[in-house]
Amino acid sequence: MRRARFPGVVVLLLAVVLLLTATRGWTQAKPPVSVALVAAMSGGSALSGEAIKRGLTVAIDEINARGGLLGGRKVELVIRDEEGNPSKGVTAARDVIEREGAVAVFGGLHSPVGLAMLPVFHELKVPYVGTWAAATGITRNGRNPNFMFRVSANDDVVDHFLAKHVIEKLGRQKPGVILENTPWGASNQEGLTKWFGKLGAQPVGFEKFNWNDPDMSAQLLRLRNGGADALVMVANAPEGAQVVRSRAKIGWSVPTVSHWGISGGRFAELTGDLSESVVFVQTYSFFGKQSEAGARVIAALKTKYGIKGPEDILAPVGTANAYDAMHLVALAVERAGAADGARIRDALETLGEYRGLIKTYRRPFTPEEHDALNEDDYILVTWRQGKIVPVSTK
Amino acid sequence: MIVQLVFGGLALGSMYALVALGYNITYATSQTVNFSQGQSVMVGAVVAYALHVGAGWPWVPSVVVTLIALAALGVLVERVAVRPFLRASSIAWLLATIALGIIAENVVMLVFGKDARAFPSSLAVTPWTVLGAGVYPHELLVPLVGIALMVLVELAFRRTLAGRALRAVAWSHDAARLMGIDVTRTISVAYALSSVLAGVAGILLAPLLNVSATMGTTIGLKAFAVAIIGGIESARGIVVAGILYGIVESVVAGYLGTGVREIIGFALVVLVLLARPWGLFGVPTPRRV
């Protein structure tokens with residue numbers, strides 16, 4: 001009898017041990033922490049959405065490789081395409097928060113979409129972290145508490161940066177401006193008018209062009225005949241290329257500075273050697289000597305997306321901004337100690353130092369300043385043989 | 001400044017004319033037009049890019065194969081989007097051709113990508129100075145080839161058997177049929193020819209405009225305006241109107257600003273339609289009932 005009961009005890013013990021390990025394993029498979037990207041993934045700006053997605057993914061892979069957040073919860077990325085359409089952005093923002101449970105939402109290139117989604121984030125109490133769209137009103141919106149954060153440029157600041165460069169560094173007094181006939185162009189016309197005015201210069205003209213315009217000679221002739229001694233350009237890659245080619249055609253050599261739209265496409269390929277005559281703004285350059293973080297990101301992009309080198313990182317600012325934005329959100333989640341939008345928002349405002357890709361953020365955000373990057377973080381760059389290299393402005 | 005503007009207008013204007021001639025050819029033979037002509041321009045540029053830049057072919061075979069592909073595209077458009085509706089005397093061909101154009105644009109976005117690519121031409125690197133204006137040699141080549149081609153088409157219409165068949169069909173389907181001309185086939189040829197002309201415009205413009213899925217849309221629209229201004233049944237009128245439209249557009253942009261360019265351009269279309277519904281160079285014909 002006794003001999004017969006012994007195996008029964010062993011079986012029982014084994015079963016208990018198995019059950020214990022199984023439930024331990026089970027409790028370890030904690031629910032993921034969801035974050036979302038609502039950006040243009042299709043259409044003319046699809047490249048920017050892809051670039052942002054890559055930056056976020058590389059950062060998330062790093063975080064998950066370290067064991068995730070909040071004691072072992074993996075970070076999961078949900079992506080929605082807003083197609084550059086503000087009302088689709090609003091629907092998508094609600095969807096990712098209410099149905100997918102996203103605790104932070106990253107934004108894409110289009111400012112009108114970011115502005116339209118603003119009330120949703122305040123209503124649902126989930127922070128938005130912009131990675132591209134530069135409209136001033138996204139972060140400076142007068143709300144308290146303010147749920148809008150940004151790791152990107154800001155049109156108003158970029159316009160000041162460009163105006164200062166033209167007046168103080170280049171010593172020019174009569175800039176001519178050529179910009180695209182869109183709300184983005186209009187917001188920069190406002191900013192440039194303001195900052196050139198404050199610096200005591202009067203632009204000789206603001207010329208406009210439409211998307212897909214083939215020849216910009218007429219606009220440039222008007223600026224040249226108006227006496228412009230510098231050219232400021234607000235354009236995306238295809239039209240920016242036409243501006244520069246038309247400028248060369250009419251034989252006008254004039255210093256040309258540009259907003260960063262031209263870096264969202266193949267400007268260097270479209271203009272060849274002429275690309276070297278343009279300086280423009282970036283938040284980060286993957287060319288040249290890289291920090292440890294830069295080298296790590298490039299290596300990750302190589303293995304994950306099969307790029308050959310930094311020249312394949314299209315729309316680089318999207319990737320760089322998104323990478324830092326994701327890590328900042330991760331730090332805030334840890335600091336908040338919970339996957340909860342409102343607490344993450346509070347934590348973002350009190351984050352300490354973070355050694356990021358773009359820079360070392362001493363204090364990324366404060367209650368007053370929701371833009372993590374400022375004028376000091378902008379760099380002026382140009383192309384040399386198809387590669388983006390920083391220019392010294394000192 | 002005026003010389004500079006005229007050069008700019010000449011290159012684009014001659015291409016408007018070339019594309020508009022395509023509208024003329026199909027309209028004359030079948031009273032229909034291919035509203036995806038603009039997309040045919042784009043397809044011409046994209047296919048030439050894929051062969052010449054992508055696959056590294058020399059330019060002669062690239063151009064030949066591109067034009068054969070464009071002819072096939074024209075035949076396809078006619079077969080799928082025009083013939084079924086023509087038989088039913090419906091004007092649904094209008095929407096159907098627009099739909100095909102949108103499909104073409106999106107297919108190219110999927111296959112070719114969304115960003116503009118450069119089409120290298122050794123003639124569009126260093127500008128020449130002509131009469132005090134800067135101009136890329138390629139910009140001079142464009143109107144030259146365009147006009148030569150238009151003359152060639154006109155000659156072919158008058159001297160060759162196929163050309164005469166086209167003109168006969170344009171005159172009267174019934175009479176042509178009685179003379180043993182295959183009207184359906186002739187319309188198909190007209191569509192092929194019209195697509196080929198658009199394709200040539202695409203190849204010629206590629207180095208100046210860059211290659212992208214949306215490069216043809218505006219050109220197609222403006223070429224249609226040109227066809228209306230010149231008189232859609234008058235080939236010569238279209239050639240003149242196209243070149244004039246390009247130059248006026250450029251001069252207006254230069255002196256009055258780009259903001260008013262499209263306003264004046266399209267206001268012209270309305271004015272011409274009001275004053276001479278048959279176009280500047282067209283002949284008022286009593287409507288055949």
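## Strand β8 of chain A

A residue counts as buried if 20 or more other C-beta atoms lie within 10 Å of its own, with C-beta atoms placed from the backbone. In this predicted model, strand β8 of chain A (residues 230-234) is mostly covered by that criterion, with five of its five residues buried. The cover extends to both faces of β8(A): A:Ala230, A:Val232 and A:Val234 are buried on one side, and A:Leu231 and A:Met233 are buried on the other.

Two pairings of β8(A) can be described. Strand β6 of chain A (residues 175-180) pairs with β8(A) in the parallel sense over five bridges, and A:Leu179 stands opposite A:Val234 of β8(A). β8(A) is also joined by three bridges to strand β9 of chain A (residues 256-258), again running parallel. Here A:Met233 stands opposite A:Ser258 in β9(A).

## Chain A overall

Chain A contains 13 helices and 14 strands. Its C-alpha atoms fill a box of roughly 110 × 45 × 35 Å along the principal axes. Of the 394 residues in chain A, 52% are buried. Among contacts in chain A with a separation of 6 or more, 68% are between residues 24 or more positions apart.

## The five-stranded sheet of chain A

Strands pair through backbone hydrogen bonds, either parallel or antiparallel. In chain A, five strands form an open sheet with parallel pairing, in the order β2-β1-β3-β4-β5. Its edge strands are β2 (75-81) and β5 (148-150) of chain A, each of which pairs on one side only. From one strand to the next, the twist averages 25 degrees.

Within this order, strand β3 (residues 105-107) and strand β4 (residues 128-130) of chain A run parallel and are joined by three bridges. The bridge partner of A:Val105 in β4(A) is A:Tyr128.

## Helix packing in chain B

Helix α2 (residues 37-54) and helix α8 (residues 183-209) of chain B have axes that come within 7 Å and cross at roughly 55 degrees. That angle makes α2(B) oblique to α8(B). The crossing of α2(B) past α8(B) is right-handed.

On the α2(B) side, the residues in contact include B:Ser40, B:Val41, B:Gly44, B:Ala45 and B:Ala48; on the α8(B) side they include B:Ser195, B:Ala198, B:Gly199, B:Gly202 and B:Ile203. By class, this contact has 12 nonpolar, seven polar and no charged residues.

## Contact between chains A and B

Chain B and chain A each give 26 residues to the contact between them. On the side of chain B that touches chain A, the elements giving two or more residues are α1 (2-30), β2 (133-135), α8 and α10 (235-256) of chain B. α1(B) provides the largest share of that side, four residues. By class, the side of chain B that touches chain A has 12 nonpolar, 11 polar and three charged residues.

One helix pair spans the two chains: helix α8 of chain A (residues 217-225) packs with α10(B) at an angle of about 25 degrees, with the axes 8 Å apart. Angles under 35 degrees count as roughly parallel, and α8(A) and α10(B) are therefore roughly parallel to each other. α8(A) passes α10(B) in a right-handed crossing. The contact is made by A:Ala218, A:Leu221 and A:Arg222 of α8(A) with B:Ser250, B:Ala253 and B:Gly254 of α10(B). By class, the contact of α8(A) with α10(B) has three nonpolar, two polar and one charged residues.

Methods:
Residues are numbered from 1 along each chain as its sequence is written. Chains are lettered from A and ligands numbered from 1 in the order in which they are written. This is a predicted model: local features need pLDDT of at least 70, side-chain atom pairs count only at pLDDT 80 or more; totals for chains, interfaces and linings use all residues. A residue is buried if 20 or more other C-beta atoms lie within 10 Å of its own, exposed if 12 or fewer, and partly exposed in between; C-beta atoms are placed from the backbone. Two residues are in contact if their C-beta atoms, placed from the backbone, lie within 7 Å. Axes are lines fitted to C-alpha atoms, for helices over the stretch in contact, and angles run from 0 to 180 degrees between N-to-C directions. Angles under 35 degrees count as roughly parallel, over 145 as roughly antiparallel, 65 to 115 as roughly perpendicular and the rest as oblique. A crossing is left-handed if the near helix is turned anticlockwise from the far one by less than a right angle, and right-handed if clockwise. Ala, Val, Leu, Ile, Met, Phe, Trp, Tyr, Cys and Pro count as nonpolar, Asp, Glu, Lys and Arg as charged, and the others, Gly among them, as polar. Two strands pair if DSSP finds at least two bridges between them.
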